[in-house]
Amino acid sequence: MDFLRPASWEEALAAKAEHPTAVPIAGGTDVMVEINFDHRRPEYLLDLTRIGDLYEWETGGDSVRLGASVPYTRIMENLRGELPGLALASHTVASPQIRNRGGVGGNLGTASPAGDAHPALLAAGAEVEAESVRGTRLIPIDTFYTGVKRNALAPDELIRAVHIKKADGPQQYSKVGTRNAMVIAVCAFGLALHPQTRTVRTGIGSAAPTPVRAKAAEEFLNAALDEGGFWDNGKIITPSVAKQFADLCAAACNPIDDVRGTASYRRHAVGVMARRTLTWTWESYRGTAAHSEGVA
Amino acid sequence: MRVNFTVNGRPQEADDVWEGESLLYVLRERLGLPGSKNACEQGECGSCTVRLDGVPVCSCLVAAGQAEGREVVTVEGLAEYAKQRTEHGGCATDACGTSLDAAKRWQPKGSTDSQTGEGVELAPIQQAFIDAGAVQCGFCTPGLLVAADEMLEQNPNPTDADIREALSGNLCRCTGYEKIMDAVRLAAARQGEAV
(Lines give C-alpha, C1' and ligand atoms only; values in the text may rest on other atoms or scores of the structure.)
Protein backbone atom coordinates (compact mmCIF):
# COMPACT_ATOMS: atom_id res chain seq x y z
CA MET A 1 0.00 0.00 0.00
CA ASP A 2 1.13 3.54 -0.72
CA PHE A 3 0.13 6.57 1.30
CA LEU A 4 -0.23 9.58 -0.99
CA ARG A 5 -0.17 12.90 0.81
CA PRO A 6 -0.94 15.75 -1.60
CA ALA A 7 -0.34 19.21 -0.16
CA SER A 8 -2.75 20.94 -2.55
CA TRP A 9 -5.92 20.25 -4.48
CA GLU A 10 -4.03 20.29 -7.79
CA GLU A 11 -1.61 17.67 -6.46
CA ALA A 12 -4.56 15.57 -5.30
CA LEU A 13 -6.17 15.69 -8.75
CA ALA A 14 -2.86 14.75 -10.39
CA ALA A 15 -2.44 11.83 -7.99
CA LYS A 16 -5.99 10.60 -8.65
CA ALA A 17 -5.41 10.87 -12.42
CA GLU A 18 -2.20 8.88 -12.13
CA HIS A 19 -3.72 6.29 -9.76
CA PRO A 20 -7.46 6.04 -10.44
CA THR A 21 -7.77 3.14 -7.96
CA ALA A 22 -6.51 5.34 -5.12
CA VAL A 23 -9.04 5.51 -2.28
CA PRO A 24 -9.54 9.06 -0.99
CA ILE A 25 -9.46 9.32 2.80
CA ALA A 26 -10.43 12.37 4.86
CA GLY A 27 -12.25 11.73 8.14
CA GLY A 28 -11.56 8.03 7.73
CA THR A 29 -14.79 7.02 9.44
CA ASP A 30 -15.73 4.66 6.58
CA VAL A 31 -12.38 3.87 4.97
CA MET A 32 -10.49 3.02 8.15
CA VAL A 33 -13.23 0.64 9.30
CA GLU A 34 -12.84 -1.30 6.07
CA ILE A 35 -9.05 -1.38 6.40
CA ASN A 36 -9.14 -2.32 10.10
CA PHE A 37 -11.39 -5.28 9.28
CA ASP A 38 -9.37 -6.18 6.21
CA HIS A 39 -12.41 -5.80 3.99
CA ARG A 40 -10.41 -3.56 1.74
CA ARG A 41 -6.74 -3.33 0.94
CA PRO A 42 -6.41 -0.43 -1.50
CA GLU A 43 -3.21 -0.06 -3.46
CA TYR A 44 -3.13 3.65 -2.67
CA LEU A 45 -4.63 5.75 0.10
CA LEU A 46 -5.06 9.37 -0.95
CA ASP A 47 -4.99 11.51 2.19
CA LEU A 48 -7.00 14.71 1.69
CA THR A 49 -6.56 16.14 5.20
CA ARG A 50 -3.68 18.46 4.19
CA ILE A 51 -5.92 20.36 1.77
CA GLY A 52 -7.30 23.30 3.71
CA ASP A 53 -9.81 24.34 1.01
CA LEU A 54 -11.83 21.21 1.64
CA TYR A 55 -12.53 22.36 5.20
CA GLU A 56 -14.00 25.73 4.19
CA TRP A 57 -17.44 26.89 3.16
CA GLU A 58 -18.90 29.93 1.39
CA THR A 59 -22.38 31.30 1.96
CA GLY A 60 -22.36 34.15 -0.55
CA GLY A 61 -24.91 33.22 -3.23
CA ASP A 62 -28.19 31.30 -3.39
CA SER A 63 -26.31 28.19 -2.35
CA VAL A 64 -23.82 27.25 0.31
CA ARG A 65 -20.61 25.89 -1.21
CA LEU A 66 -19.67 23.35 1.43
CA GLY A 67 -16.14 21.94 1.27
CA ALA A 68 -16.16 18.16 1.03
CA SER A 69 -14.33 17.66 4.34
CA VAL A 70 -16.12 20.20 6.53
CA PRO A 71 -16.86 18.11 9.62
CA TYR A 72 -20.45 17.57 10.70
CA THR A 73 -19.65 19.40 13.95
CA ARG A 74 -18.87 22.59 11.98
CA ILE A 75 -22.11 22.26 9.97
CA MET A 76 -24.12 21.99 13.19
CA GLU A 77 -22.35 24.96 14.73
CA ASN A 78 -22.16 27.31 11.75
CA LEU A 79 -24.73 26.50 9.08
CA ARG A 80 -27.96 25.86 10.95
CA GLY A 81 -29.53 29.01 9.51
CA GLU A 82 -28.65 28.34 5.86
CA LEU A 83 -28.93 24.56 5.94
CA PRO A 84 -31.34 23.61 8.73
CA GLY A 85 -32.12 20.16 7.30
CA LEU A 86 -28.48 19.22 6.89
CA ALA A 87 -27.64 20.60 10.35
CA LEU A 88 -30.33 18.38 11.88
CA ALA A 89 -29.08 15.40 9.88
CA SER A 90 -25.49 16.13 10.94
CA HIS A 91 -26.52 16.02 14.58
CA THR A 92 -27.81 12.46 14.13
CA VAL A 93 -24.44 11.23 12.82
CA ALA A 94 -22.85 8.76 15.23
CA SER A 95 -21.08 10.54 18.10
CA PRO A 96 -19.08 13.72 18.77
CA GLN A 97 -15.82 11.92 17.93
CA ILE A 98 -17.16 10.85 14.54
CA ARG A 99 -18.81 14.20 13.81
CA ASN A 100 -15.46 15.87 14.46
CA ARG A 101 -13.92 13.91 11.58
CA GLY A 102 -16.60 12.92 9.10
CA GLY A 103 -18.08 15.19 6.44
CA VAL A 104 -20.55 15.26 3.58
CA GLY A 105 -17.89 14.47 0.96
CA GLY A 106 -17.31 11.10 2.60
CA ASN A 107 -21.04 10.39 2.78
CA LEU A 108 -21.28 11.09 -0.96
CA GLY A 109 -18.14 9.15 -1.82
CA THR A 110 -19.33 6.09 0.07
CA ALA A 111 -22.87 6.59 -1.27
CA SER A 112 -24.37 4.20 1.24
CA PRO A 113 -28.18 4.32 1.14
CA ALA A 114 -27.94 4.79 4.93
CA GLY A 115 -25.72 7.90 4.80
CA ASP A 116 -27.31 10.49 7.07
CA ALA A 117 -26.69 13.54 4.87
CA HIS A 118 -28.43 12.23 1.73
CA PRO A 119 -32.11 12.85 2.59
CA ALA A 120 -31.28 16.41 3.65
CA LEU A 121 -29.35 17.07 0.42
CA LEU A 122 -32.16 15.64 -1.72
CA ALA A 123 -34.79 17.71 0.08
CA ALA A 124 -32.85 20.97 0.01
CA GLY A 125 -31.63 20.56 -3.57
CA ALA A 126 -27.90 20.23 -4.19
CA GLU A 127 -25.16 19.73 -6.75
CA VAL A 128 -21.95 17.83 -6.23
CA GLU A 129 -18.82 19.62 -7.45
CA ALA A 130 -16.66 16.88 -8.93
CA GLU A 131 -13.26 17.66 -10.38
CA SER A 132 -10.50 15.89 -12.22
CA VAL A 133 -7.48 17.03 -14.22
CA ARG A 134 -9.94 17.10 -17.14
CA GLY A 135 -12.09 19.77 -15.53
CA THR A 136 -14.92 20.51 -13.14
CA ARG A 137 -18.57 19.49 -13.38
CA LEU A 138 -21.62 19.93 -11.18
CA ILE A 139 -23.61 16.73 -10.75
CA PRO A 140 -27.26 17.22 -9.69
CA ILE A 141 -27.87 15.31 -6.47
CA ASP A 142 -30.83 13.51 -8.09
CA THR A 143 -28.52 11.77 -10.55
CA PHE A 144 -25.54 11.32 -8.23
CA TYR A 145 -26.57 8.06 -6.57
CA THR A 146 -26.43 5.26 -9.13
CA GLY A 147 -26.66 2.09 -7.03
CA VAL A 148 -25.91 0.56 -3.65
CA LYS A 149 -22.68 2.29 -2.62
CA ARG A 150 -22.21 3.54 -6.17
CA ASN A 151 -22.16 7.08 -7.44
CA ALA A 152 -21.72 9.05 -10.65
CA LEU A 153 -18.04 9.89 -10.10
CA ALA A 154 -15.55 8.93 -12.79
CA PRO A 155 -12.49 7.00 -11.58
CA ASP A 156 -10.24 10.06 -11.85
CA GLU A 157 -12.66 12.45 -10.14
CA LEU A 158 -12.66 13.75 -6.58
CA ILE A 159 -15.44 15.54 -4.71
CA ARG A 160 -14.34 19.07 -3.98
CA ALA A 161 -17.52 20.58 -2.55
CA VAL A 162 -21.29 20.35 -2.44
CA HIS A 163 -23.46 23.27 -3.49
CA ILE A 164 -26.59 23.16 -1.36
CA LYS A 165 -29.50 25.54 -1.89
CA LYS A 166 -29.97 27.86 1.05
CA ALA A 167 -33.23 27.23 2.87
CA ASP A 168 -36.07 29.50 1.77
CA GLY A 169 -38.49 27.87 4.19
CA PRO A 170 -38.67 25.38 7.06
CA GLN A 171 -36.81 22.06 6.78
CA GLN A 172 -36.97 18.95 8.92
CA TYR A 173 -35.12 15.69 9.26
CA SER A 174 -36.11 12.51 11.04
CA LYS A 175 -34.28 9.23 11.58
CA VAL A 176 -35.29 5.92 13.09
CA GLY A 177 -32.80 3.97 15.18
CA THR A 178 -32.50 2.07 18.42
CA ARG A 179 -30.91 4.93 20.35
CA ASN A 180 -30.14 8.59 19.95
CA ALA A 181 -26.46 8.17 19.11
CA MET A 182 -24.20 5.73 17.30
CA VAL A 183 -26.97 4.52 15.05
CA ILE A 184 -26.94 3.56 11.41
CA ALA A 185 -30.35 4.65 10.19
CA VAL A 186 -33.06 1.99 10.02
CA CYS A 187 -34.57 4.61 7.77
CA ALA A 188 -34.53 8.39 7.54
CA PHE A 189 -36.59 11.17 6.01
CA GLY A 190 -35.86 14.75 5.05
CA LEU A 191 -38.40 17.35 4.03
CA ALA A 192 -37.98 20.93 2.84
CA LEU A 193 -40.64 23.50 2.10
CA HIS A 194 -39.69 25.91 -0.67
CA PRO A 195 -42.16 28.81 -0.38
CA GLN A 196 -40.38 30.79 -3.14
CA THR A 197 -41.28 28.18 -5.74
CA ARG A 198 -44.25 26.84 -3.76
CA THR A 199 -42.88 23.35 -3.85
CA VAL A 200 -42.01 20.65 -1.38
CA ARG A 201 -39.02 18.34 -1.71
CA THR A 202 -38.31 15.10 0.09
CA GLY A 203 -35.46 12.68 0.67
CA ILE A 204 -35.65 9.10 1.88
CA GLY A 205 -32.67 7.25 3.37
CA SER A 206 -32.07 3.56 4.00
CA ALA A 207 -35.30 2.42 2.38
CA ALA A 208 -34.20 1.76 -1.21
CA PRO A 209 -30.96 0.75 -2.96
CA THR A 210 -30.06 4.43 -3.14
CA PRO A 211 -31.25 7.56 -1.36
CA VAL A 212 -34.38 8.66 -3.24
CA ARG A 213 -36.94 11.42 -3.44
CA ALA A 214 -40.63 10.56 -3.14
CA LYS A 215 -41.51 12.33 -6.38
CA ALA A 216 -45.13 11.16 -6.69
CA ALA A 217 -45.72 12.31 -3.11
CA GLU A 218 -44.11 15.69 -3.85
CA GLU A 219 -46.26 16.16 -6.97
CA PHE A 220 -49.41 15.23 -5.10
CA LEU A 221 -48.64 17.60 -2.23
CA ASN A 222 -47.59 20.46 -4.52
CA ALA A 223 -50.93 20.17 -6.35
CA ALA A 224 -52.96 19.81 -3.15
CA LEU A 225 -51.31 22.83 -1.52
CA ASP A 226 -51.82 24.85 -4.67
CA GLU A 227 -55.47 23.90 -5.16
CA GLY A 228 -56.35 24.60 -1.53
CA GLY A 229 -54.53 27.95 -1.57
CA PHE A 230 -52.54 26.74 1.43
CA TRP A 231 -49.40 28.77 0.65
CA ASP A 232 -51.50 31.96 0.87
CA ASN A 233 -54.10 31.19 3.50
CA GLY A 234 -51.67 29.33 5.78
CA LYS A 235 -54.34 26.87 6.84
CA ILE A 236 -53.64 23.65 8.68
CA ILE A 237 -52.83 20.80 6.31
CA THR A 238 -55.97 18.68 5.85
CA PRO A 239 -55.46 15.31 7.61
CA SER A 240 -56.50 13.45 4.46
CA VAL A 241 -53.85 15.33 2.46
CA ALA A 242 -51.20 14.51 5.06
CA LYS A 243 -52.24 10.86 5.03
CA GLN A 244 -52.15 10.62 1.25
CA PHE A 245 -48.72 12.29 1.24
CA ALA A 246 -47.48 9.82 3.87
CA ASP A 247 -48.83 6.84 1.92
CA LEU A 248 -47.16 8.02 -1.27
CA CYS A 249 -43.85 8.49 0.56
CA ALA A 250 -44.09 4.95 1.93
CA ALA A 251 -44.87 3.74 -1.60
CA ALA A 252 -41.70 5.42 -2.90
CA CYS A 253 -39.61 3.04 -0.78
CA ASN A 254 -38.09 -0.13 -2.11
CA PRO A 255 -36.62 -1.50 1.10
CA ILE A 256 -35.10 -4.81 2.14
CA ASP A 257 -35.28 -6.91 5.29
CA ASP A 258 -31.98 -6.78 7.16
CA VAL A 259 -30.60 -6.87 10.69
CA ARG A 260 -31.71 -3.32 11.36
CA GLY A 261 -35.35 -3.73 10.35
CA THR A 262 -37.82 -5.33 8.02
CA ALA A 263 -38.97 -3.90 4.72
CA SER A 264 -42.53 -3.49 5.94
CA TYR A 265 -41.39 -1.70 9.08
CA ARG A 266 -39.28 0.66 7.00
CA ARG A 267 -42.22 1.49 4.73
CA HIS A 268 -44.43 2.11 7.73
CA ALA A 269 -41.82 4.24 9.49
CA VAL A 270 -41.15 6.37 6.41
CA GLY A 271 -44.89 7.11 6.20
CA VAL A 272 -44.95 8.16 9.85
CA MET A 273 -41.87 10.36 9.44
CA ALA A 274 -43.31 11.93 6.29
CA ARG A 275 -46.51 12.92 8.07
CA ARG A 276 -44.66 14.22 11.12
CA THR A 277 -42.06 16.24 9.25
CA LEU A 278 -44.78 17.71 7.04
CA THR A 279 -46.72 18.77 10.12
CA TRP A 280 -43.64 20.24 11.81
CA THR A 281 -42.50 22.20 8.79
CA TRP A 282 -45.97 23.37 7.86
CA GLU A 283 -46.71 24.55 11.42
CA SER A 284 -43.43 26.44 11.30
CA TYR A 285 -44.34 27.97 7.92
CA ARG A 286 -47.79 28.98 9.17
CA GLY A 287 -46.21 30.54 12.26
CA THR A 288 -43.83 32.56 10.11
CA ALA A 289 -46.61 33.54 7.71
CA ALA A 290 -48.93 34.61 10.51
CA HIS A 291 -46.08 36.60 12.03
CA SER A 292 -45.22 38.45 8.85
CA GLU A 293 -48.90 39.23 8.27
CA GLY A 294 -49.09 40.70 11.75
CA VAL A 295 -46.06 42.89 11.14
CA ALA A 296 -47.31 44.01 7.76
CA MET B 1 6.80 4.74 6.22
CA ARG B 2 7.97 7.08 8.95
CA VAL B 3 5.57 9.26 10.92
CA ASN B 4 6.65 12.27 12.97
CA PHE B 5 4.18 13.82 15.35
CA THR B 6 3.83 15.13 18.87
CA VAL B 7 2.36 13.01 21.61
CA ASN B 8 1.63 14.49 25.01
CA GLY B 9 3.94 17.39 24.31
CA ARG B 10 6.88 15.25 23.16
CA PRO B 11 8.03 14.89 19.57
CA GLN B 12 7.81 11.26 18.51
CA GLU B 13 9.03 9.33 15.53
CA ALA B 14 7.52 6.01 14.50
CA ASP B 15 9.33 3.91 11.90
CA ASP B 16 8.23 1.07 9.64
CA VAL B 17 4.62 2.11 9.96
CA TRP B 18 2.33 0.24 7.57
CA GLU B 19 0.40 2.66 5.36
CA GLY B 20 -2.97 1.28 6.43
CA GLU B 21 -2.12 1.36 10.11
CA SER B 22 -4.24 3.35 12.55
CA LEU B 23 -3.00 6.02 14.91
CA LEU B 24 -4.25 3.78 17.72
CA TYR B 25 -1.94 0.96 16.67
CA VAL B 26 1.03 3.33 16.48
CA LEU B 27 0.32 4.69 19.94
CA ARG B 28 -0.14 1.30 21.56
CA GLU B 29 2.26 -0.97 19.72
CA ARG B 30 5.03 1.36 18.55
CA LEU B 31 5.16 4.11 21.15
CA GLY B 32 4.34 2.04 24.23
CA LEU B 33 1.28 4.06 25.17
CA PRO B 34 -1.39 1.42 25.87
CA GLY B 35 -3.75 3.78 27.69
CA SER B 36 -5.92 4.26 24.60
CA LYS B 37 -7.84 1.02 24.33
CA ASN B 38 -8.46 -1.11 21.29
CA ALA B 39 -11.94 -2.60 21.20
CA CYS B 40 -14.31 -2.19 18.26
CA GLU B 41 -11.91 -0.74 15.65
CA GLN B 42 -14.89 0.88 13.95
CA GLY B 43 -15.54 4.05 15.92
CA GLU B 44 -18.50 2.64 17.83
CA CYS B 45 -17.09 2.40 21.34
CA GLY B 46 -14.92 5.46 21.94
CA SER B 47 -12.40 3.57 24.06
CA CYS B 48 -9.56 4.78 21.78
CA THR B 49 -10.54 8.46 22.07
CA VAL B 50 -7.58 10.86 21.92
CA ARG B 51 -7.26 14.54 21.06
CA LEU B 52 -5.90 15.29 17.62
CA ASP B 53 -4.94 18.95 17.42
CA GLY B 54 -7.23 19.43 20.42
CA VAL B 55 -10.24 17.69 18.88
CA PRO B 56 -11.56 14.42 20.35
CA VAL B 57 -11.42 11.65 17.74
CA CYS B 58 -11.41 7.87 17.60
CA SER B 59 -7.72 7.09 17.05
CA CYS B 60 -8.69 3.76 15.45
CA LEU B 61 -10.16 5.74 12.52
CA VAL B 62 -7.21 8.05 11.99
CA ALA B 63 -4.67 6.68 9.52
CA ALA B 64 -1.22 6.93 11.05
CA GLY B 65 -0.01 9.05 8.13
CA GLN B 66 -2.75 11.57 8.82
CA ALA B 67 -1.17 12.28 12.21
CA GLU B 68 2.05 13.52 10.54
CA GLY B 69 2.98 16.86 12.08
CA ARG B 70 -0.07 16.89 14.35
CA GLU B 71 -0.42 17.10 18.11
CA VAL B 72 -1.92 14.14 19.95
CA VAL B 73 -2.94 13.97 23.59
CA THR B 74 -3.68 10.56 25.08
CA VAL B 75 -4.94 9.62 28.52
CA GLU B 76 -1.31 9.24 29.61
CA GLY B 77 -0.79 12.95 29.00
CA LEU B 78 -4.14 14.09 30.34
CA ALA B 79 -2.88 15.10 33.80
CA GLU B 80 -0.08 17.21 32.34
CA TYR B 81 -2.43 18.65 29.73
CA ALA B 82 -4.95 19.64 32.41
CA LYS B 83 -2.16 21.13 34.53
CA GLN B 84 -0.86 23.22 31.65
CA ARG B 85 -4.37 24.36 30.88
CA THR B 86 -4.87 25.54 34.45
CA GLU B 87 -1.51 27.31 34.52
CA HIS B 88 -1.67 28.91 31.09
CA GLY B 89 -5.40 29.13 30.63
CA GLY B 90 -5.52 26.53 27.86
CA CYS B 91 -2.49 24.52 26.86
CA ALA B 92 -0.30 26.30 24.37
CA THR B 93 1.06 22.99 23.22
CA ASP B 94 4.05 24.52 21.46
CA ALA B 95 5.14 26.07 24.71
CA CYS B 96 4.73 22.95 26.81
CA GLY B 97 6.51 20.59 24.43
CA THR B 98 9.84 18.87 24.90
CA SER B 99 12.58 18.62 22.32
CA LEU B 100 13.19 15.25 20.66
CA ASP B 101 16.61 15.13 22.25
CA ALA B 102 15.25 15.91 25.69
CA ALA B 103 12.51 13.34 25.22
CA LYS B 104 15.07 10.63 24.42
CA ARG B 105 17.03 11.44 27.55
CA TRP B 106 13.92 11.63 29.67
CA GLN B 107 13.84 9.46 32.79
CA PRO B 108 10.93 9.01 35.17
CA LYS B 109 11.43 10.83 38.43
CA GLY B 110 11.26 9.06 41.78
CA SER B 111 8.38 6.66 42.06
CA THR B 112 6.50 7.86 39.00
CA ASP B 113 5.82 5.42 36.20
CA SER B 114 5.57 6.81 32.70
CA GLN B 115 3.50 3.86 31.50
CA THR B 116 0.88 3.67 34.20
CA GLY B 117 1.03 7.25 35.39
CA GLU B 118 1.41 6.03 38.97
CA GLY B 119 2.89 8.57 41.30
CA VAL B 120 1.83 11.41 39.01
CA GLU B 121 -0.73 13.95 40.09
CA LEU B 122 -4.03 13.21 38.38
CA ALA B 123 -6.17 15.45 36.22
CA PRO B 124 -9.28 16.68 38.04
CA ILE B 125 -11.48 14.47 35.85
CA GLN B 126 -9.38 11.42 36.74
CA GLN B 127 -9.64 12.19 40.47
CA ALA B 128 -13.39 12.69 40.11
CA PHE B 129 -13.77 9.26 38.44
CA ILE B 130 -11.97 7.66 41.40
CA ASP B 131 -13.90 9.60 44.01
CA ALA B 132 -17.27 8.87 42.42
CA GLY B 133 -16.52 5.18 41.91
CA ALA B 134 -16.91 5.56 38.16
CA VAL B 135 -14.30 2.94 37.30
CA GLN B 136 -15.39 -0.67 37.18
CA CYS B 137 -13.38 -2.85 34.80
CA GLY B 138 -11.65 0.31 33.59
CA PHE B 139 -11.55 -0.50 29.90
CA CYS B 140 -13.77 2.37 28.75
CA THR B 141 -12.28 4.78 31.29
CA PRO B 142 -9.41 6.30 29.24
CA GLY B 143 -11.71 7.23 26.37
CA LEU B 144 -14.33 8.61 28.73
CA LEU B 145 -11.70 10.68 30.55
CA VAL B 146 -10.41 12.27 27.34
CA ALA B 147 -13.95 12.97 26.09
CA ALA B 148 -15.22 14.28 29.44
CA ASP B 149 -12.14 16.46 29.98
CA GLU B 150 -12.63 18.11 26.59
CA MET B 151 -16.30 18.73 27.26
CA LEU B 152 -15.50 20.44 30.58
CA GLU B 153 -12.91 22.56 28.80
CA GLN B 154 -15.55 23.77 26.32
CA ASN B 155 -18.52 23.80 28.66
CA PRO B 156 -17.71 24.36 32.35
CA ASN B 157 -21.36 24.11 33.45
CA PRO B 158 -22.83 21.19 31.55
CA THR B 159 -26.40 20.02 32.00
CA ASP B 160 -27.04 16.29 32.30
CA ALA B 161 -28.14 16.33 28.67
CA ASP B 162 -24.85 17.99 27.67
CA ILE B 163 -22.88 15.30 29.50
CA ARG B 164 -24.89 12.48 27.96
CA GLU B 165 -24.42 13.90 24.50
CA ALA B 166 -20.69 14.52 24.94
CA LEU B 167 -20.20 10.95 26.14
CA SER B 168 -22.65 9.34 23.72
CA GLY B 169 -19.81 7.88 21.67
CA ASN B 170 -18.23 6.08 24.64
CA LEU B 171 -19.62 2.71 25.60
CA CYS B 172 -19.26 1.20 29.08
CA ARG B 173 -20.17 -2.50 28.99
CA CYS B 174 -20.16 -2.69 32.79
CA THR B 175 -23.05 -0.22 32.32
CA GLY B 176 -21.69 2.04 35.02
CA TYR B 177 -23.12 5.13 33.39
CA GLU B 178 -24.75 6.60 36.50
CA LYS B 179 -21.45 6.70 38.38
CA ILE B 180 -19.79 8.15 35.30
CA MET B 181 -22.42 10.89 35.24
CA ASP B 182 -21.74 11.49 38.94
CA ALA B 183 -18.03 11.77 38.25
CA VAL B 184 -18.43 14.35 35.50
CA ARG B 185 -20.86 16.38 37.61
CA LEU B 186 -18.35 16.22 40.46
CA ALA B 187 -15.49 17.39 38.25
CA ALA B 188 -17.64 20.23 36.91
CA ALA B 189 -18.60 21.29 40.45
CA ARG B 190 -14.98 21.22 41.63
CA GLN B 191 -13.91 23.17 38.55
CA GLY B 192 -16.53 25.78 39.41
CA GLU B 193 -15.31 26.04 43.01
CA ALA B 194 -11.72 26.44 41.95
CA VAL B 195 -12.46 29.51 39.81
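Reader: Which domains does the assignment give for chain B?
Author: Domain 1 covers 3–88 and domain 2 covers 124–194 of chain B, with bounds that come from an automatic or database domain assignment. This is a predicted model, in which local features need pLDDT of at least 70, side-chain atom pairs count only at pLDDT 80 or more, and totals for chains, interfaces and linings use all residues. Residues are numbered from 1 along each chain as its sequence is written, and chains are lettered from A and ligands numbered from 1 in the order in which they are written.
Reader: What separates the centres of the two domains of chain B?
Author: Taken over C-alpha atoms, the separation between the centres of domain 1 and domain 2 of chain B is 20 Å. Their contact involves 16 residues of domain 1 and 15 residues of domain 2 of chain B; two residues are in contact if their C-beta atoms, placed from the backbone, lie within 7 Å.
Reader: Which elements of domain 1 of chain B give two or more residues to that side?
Author: They are strand E3 (49–52) and helix H2 (78–88) of chain B. H2(B) gives the most, with four residues. Helices (H or I, at least four residues) and strands (E, at least two) are DSSP runs, numbered from the N terminus.
Reader: Changing topic, how many helices and strands has chain B?
Author: Chain B has seven helices and five strands, in the order β-β-α-β-β-β-α-α-α-α-α-α.
Reader: What share of the contacts in chain B joins residues 24 or more positions apart?
Author: Such pairs make up 63% of the contacts in chain B with a separation of 6 or more.
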